[in-house]
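Here are some notes to read alongside the structure. Please keep the model open and find each residue as it comes up.

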Amino acid sequence: MRLEDQERSSNIEDRRGMRVGRGVAGGGIGVVVIALIAMFLGVDPSLVLDSALTTGPGQQAPQQQVGARAPSRDDKMADFVAAVLGSTEETWSEIFTRGGRTYRKPVLVLFSGAVQSACGYAQAAVGPFYCPTDQKLYIDLAFYRDLQDRFRAPGDFAQAYVIAHEIGHHVQNLLGLSERVQRARQQASEREGNQLSVRLELQADCYAGVWGHYAAQHDLLEPGDAEEGLRAAASIGDDRLQRQSQGRVVPESFTHGSSEQRVEWLRRGMENGQMDSCNTFGGR
Ligand SMILES: [Zn+2]
């Protein structure tokens, strides 16, 4: 990616190196220990933890900017994250404005090891996630090492896709989609609930693609970047992860979609650059 001229976001909260106790309650919601889930990229605690939703996600979350600022340019990884976040802010502000809405910029929290979010206590093992209650994205940069070594999806665009996917969840939250799906899930069987979750995740992938389209238009991409992103999407499909972790594939238990689906929706977003092309809830 070419990010030298990209404006950095200052909505970064750096909690790296901070110790987190499990006994600390966050946001009036009881502390919930998120079990170590071997499913990376967007194990969204809001969708796992019902208790986090009793307050209802959506519009009332305060915009906490305490301590949020752009990291130093010498801090290479943090600077990269700030640039990508800045680019997503421009993309979504533009798209929202076009639709007569205002895009509320989320805060991205960098942490190491474990973190306390309004959705509960999370360990880095859950992977990057978005908490709709406090409207923050959480990422332990060590995940990028996993993405490269364990999931064999190297490259800066692959790393950017991880952020863009979580931003996709923020967009869903602002539009009230996550809340609607969560409500539907409460009425649904486990199998149907999983299918709803897959549709929500694939839409977040498609929204990540919409950002990718914008990034390409703004000349932020280099040759091979799109392929990197698609390779990353393929490497974290539920079928691939299940085969790696348990040696077999159980499609009914998918919560994020197969590799093929993830690639398809990311590509769709990248090619069209329109939110309308991301209706994963229509049809089938
Ligand atoms: Zn996700």
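Is F143 buried or exposed? F143 has a relative accessible area of 4%, so it is buried (buried means under 20% relative accessible area, exposed over 50% and partly exposed in between, with a 1.4 Å probe and protein chains only).

1. Basis of the note. This is a predicted model, in which local features need pLDDT of at least 70 and side-chain atom pairs count only at pLDDT 80 or more, while totals for chains, interfaces and linings use all residues. Residues are numbered from 1 along each chain as its sequence is written, and side-chain values use heavy atoms, with hydrogens and water left out.

2. Overall make-up. The protein has nine helices and six strands. Both are DSSP runs numbered from the N terminus: helices are H or I with at least four residues, strands are E with at least two. Of the 284 residues in the protein, 56% are buried. Among contacts with a separation of 6 or more, 77% join residues 24 or more positions apart; contact here means heavy atoms within 4.5 Å.

3. Aromatic pairs. The whole structure holds seven aromatic pairs. Rings of Phe, Tyr and Trp (its six-membered ring) pair if their centres lie within 6.5 Å; planes under 30 degrees apart count as stacked, over 60 as edge-to-face and the rest as tilted. One of the pairs is F143 with F151, which is tilted, at 6.5 Å centre to centre and 40 degrees between the planes. F151 is buried because its relative accessibility is 5%.

4. A stacked pair. The ring centres of F157 and W211 are 5.6 Å apart and their planes are at 10 degrees, so this pair is stacked. F157 belongs to helix α4 (residues 156-174) and W211 to helix α6, so the pair ties together parts that are 54 residues apart in sequence. Both F157 and W211 are buried. Elsewhere, ring pairs link W92, F96, Y103 and Y207 into a cluster.

5. Helices α5 and α6. Helix α5 (residues 177-187) packs with helix α6 (residues 190-217) at an angle of about 165 degrees, and the axes are 9 Å apart. Axes are lines fitted to C-alpha atoms, for helices over the stretch in contact, and angles run from 0 to 180 degrees between N-to-C directions. The two helices are therefore roughly antiparallel (over 145 degrees; under 35 is roughly parallel, 65 to 115 roughly perpendicular and the rest oblique). The crossing of α5 past α6 is left-handed, the term for a near helix turned anticlockwise from the far one by less than a right angle, with right-handed used if clockwise. On the α5 side, the residues that meet α6 are L177, S178, V181, A184 and R185. Their partners in α6 are G193, N194, L196, S197, L200, Q203 and Y207. By class, the contact of α5 with α6 has six nonpolar, five polar and one charged residues (Ala, Val, Leu, Ile, Met, Phe, Trp, Tyr, Cys and Pro count as nonpolar, Asp, Glu, Lys and Arg as charged, and the others, Gly among them, as polar).

6. Helices α7 and α9. What angle do α7 and α9 pack at? Helix α7 (residues 225-235) and helix α9 (residues 259-272) are at about 150 degrees, with axes 7 Å apart. They are therefore roughly antiparallel, and α7 passes α9 in a right-handed crossing. From α7, the contact uses A226, G229, L230, A233 and A234; from α9, it uses S259, R262, V263, L266, R267 and M270. These residues divide into seven nonpolar, two polar and two charged.

7. Two loop residues. S112 sits in the loop between β2 (107-111) and β3 (114-117), and is partly exposed because its relative accessibility is 32%. S112 and G17 are 95 residues apart in sequence, yet 6.0 Å apart in space from C-alpha to C-alpha. Leaving out residues up to four places away in sequence, S112 touches R15, R16, G17 and D140. E222 is in the loop between α6 and α7, and at 33% relative accessibility E222 is partly exposed. E222 and R2 are 220 residues apart in sequence and 6.8 Å apart in space, C-alpha to C-alpha.

8. D238 and S259 are 6.7 Å apart in space, C-alpha to C-alpha, and 21 residues apart in sequence.
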